[in-house]
Amino acid sequence: MAGLAHGALAQDATTMTTPGGTIVSVGGGFQALQLPDMDFTFLINPAGNTARKQTNDSFDDTGGVISGQIETPFGRWGSTPVTGVIGGFFANVDDDEVRHCKSGANQTCTVENIVNSAGSDSATFAAFKTKTERDVDFWGANGELRFGQAPAPLPDAGGYLFRFGYIGIGADVRGIDQDNKLRLSATGVGPAVKYTETLDTTYSGGFLSIGGEYNILGYIGMSFRSFVTLKGGVYNADTDYNGKFTPTGVASTKLGLSDDETAFIGSVSFETRKQFGYRTSVSLLTNYEWFSYAPQMKYLDADPPFLGKVNQTHISDDDAFAVRTQLRLNIGLGSQQLYQEPLK
C-alpha cells in the first residue's frame, strides 16, 4: 500500500524570499488512501454468541487529486524572511468489494439490525453474498507562516548534502467524508438487506513544520533540486454517523451518532523540482500522511459488550494512512526574475 506513492504539499524553502515575488502552484495526480475496515456481517456459534466478524470491505485504494497553493513574501522579521502560504487539495477515492459467507456445523452466517430494541432483530442464512461500495471525499485547506533563510545557490554552487530552509507554524482543516453502501443477497432468497451510511470526519487544528533542501541529485551533475518537509499537528476530530438499515419487505431503521476525539496528524513530503525558465518550474511531489484517529463503526452484535452496554452500535476508532503523488506547475507572478538562469 505504501508503495503506491501519492503526492504532496511539499514546501520549497528557497523560492519564498524572491523580492515582491508571489508563486502560484497548481497540480494533479494520484491519491492512495487506507481507512479502517467495514465489518458489518458476522458468524454466530451454536450458543448464539458472535464467533467472529466478517470484513465486508477493507478500504485501500487510489483515486485522483487536484491541489493549489499560493505563497508570497511578507517581508522580514529582523533578518529572517517571512513567507505566507495558503493551499489546499481535493481527492476522491472509491472502491467496491464482494464477499461471501457460508454457514457450517459450528457457525451460522448472520446479519443484524443497527438498532435492536426488541432483542431479536438478527437474521441467519445458509449462505449470502455482500457487495459493499465506499465513496470517499478527502480534502484539506491550510494557512502557514514560514520563517526561513535567504535563497540558497543552485545545487552545483555549493558542496552540501543537506541545508536547513525554514520553520513554519500554521492552521489546518481536513475532511474524510464517506458514503458507504452494502447490499446483502441470500442464497435461495434473493435481495435481503440494503444498508447505507454516511461517516464524515472533520479535523481542525494547528501544526508545526520544518523544511530543507538535500543535494543528492546536484552531486551527480543533474539540474534538479530536491526538498523535504516534516509536519506534525494536533487536531480535533469531529465525526458524524447516519445509518439506514432496510430489510426487504420491512420498514427501515435509522440511527444517528456523533463523536469528538483528539488526533495527531504527521506527514513527510518530498519534492524534486526542475526549472524551465526565469519564472517557471515543474515539481514532482510526494506526501505521506498518518492519522492517529479515523472512525470505524462497530455494529450491533459485531463486537463484545462495549463499556457494559450489550448490543450497542457505536463509533470506535483505528488509524488511517494517505499517500499523494502529483506533478505541479509553479509560476512566479510579476516581472521580476524568480530563478537564476536554468542549467543546460
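What share of the contacts in the protein chain with a separation of 6 or more comes from residues 24 or more positions apart? The figure is 76%, where contact means heavy atoms within 4.5 Å. The model is a predicted one, so to speak of local features takes a pLDDT of at least 70 and side-chain atom pairs count only at pLDDT 80 or more, while totals for chains, interfaces and linings use all residues. Numbering runs from 1 along each chain as its sequence is written, and side-chain values rest on heavy atoms, with hydrogens and water left out.

As for the overall layout, the protein chain has one helix and 14 strands; these are DSSP runs numbered from the N terminus, with helices being H or I of at least four residues and strands E of at least two. Of its 344 residues, 47% are buried (under 20% relative accessible area, with exposed being over 50% and partly exposed in between; 1.4 Å probe, protein chains only). The chain exposes about 15,400 Å², and carbon and sulfur atoms supply 57% of that (Shrake-Rupley method, 1.4 Å probe; for residues, only the protein chains shown count as cover).

Now to the inside. In soluble globular proteins, nonpolar side chains tend to be buried together. Here, the largest nonpolar core has 43 residues, and Y195, Y203 and Y241 touch the most other members. Strand β10 (residues 190-214) gives the largest share of this core, six residues. A nonpolar core is a set of buried Ala, Val, Leu, Ile, Met, Phe, Trp, Tyr and Cys residues joined through side-chain atoms within 4.5 Å. Leaving out residues up to four places away in sequence, Y241 touches a list of residues including I114, Y195, L199, L257, M297 and Y299.

Next along is D240, in strand β11. D240 counts as partly exposed because its relative accessibility is 39%. Beyond neighbours within four places in sequence, D240 is in contact with T198, L199, D200, L257 and S258.

Strand β11 (residues 224-247) also holds T229, which counts as buried at 2% relative accessibility. The T229 side chain makes a polar contact with the side chain of Y166 at 3.5 Å. Such a contact is a pair of N or O atoms within 3.5 Å; within protein, one must be able to donate a hydrogen and the other to accept it, and residues adjacent in sequence count only if both atoms are side-chain atoms. Elsewhere, S67 of strand β4 (residues 60-77) is buried, at 10% relative accessible area, and a polar contact of 2.7 Å joins its side chain to that of Q326.

Then there are the rings. The whole structure has 11 aromatic pairs, that is, rings of Phe, Tyr and Trp (its six-membered ring) with centres within 6.5 Å; planes under 30 degrees apart are stacked, over 60 edge-to-face and the rest tilted. F264 and W290 make a tilted pair, 6.4 Å centre to centre with 50° between the planes. Since F264 lies in strand β12 (residues 253-275) and W290 in strand β13 (residues 280-298), the pair ties together parts 26 residues apart in sequence. F264 is partly exposed at 37% relative accessibility, and W290 is partly exposed at 37%. F40, Y195, F245 and Y299 form one aromatic cluster.
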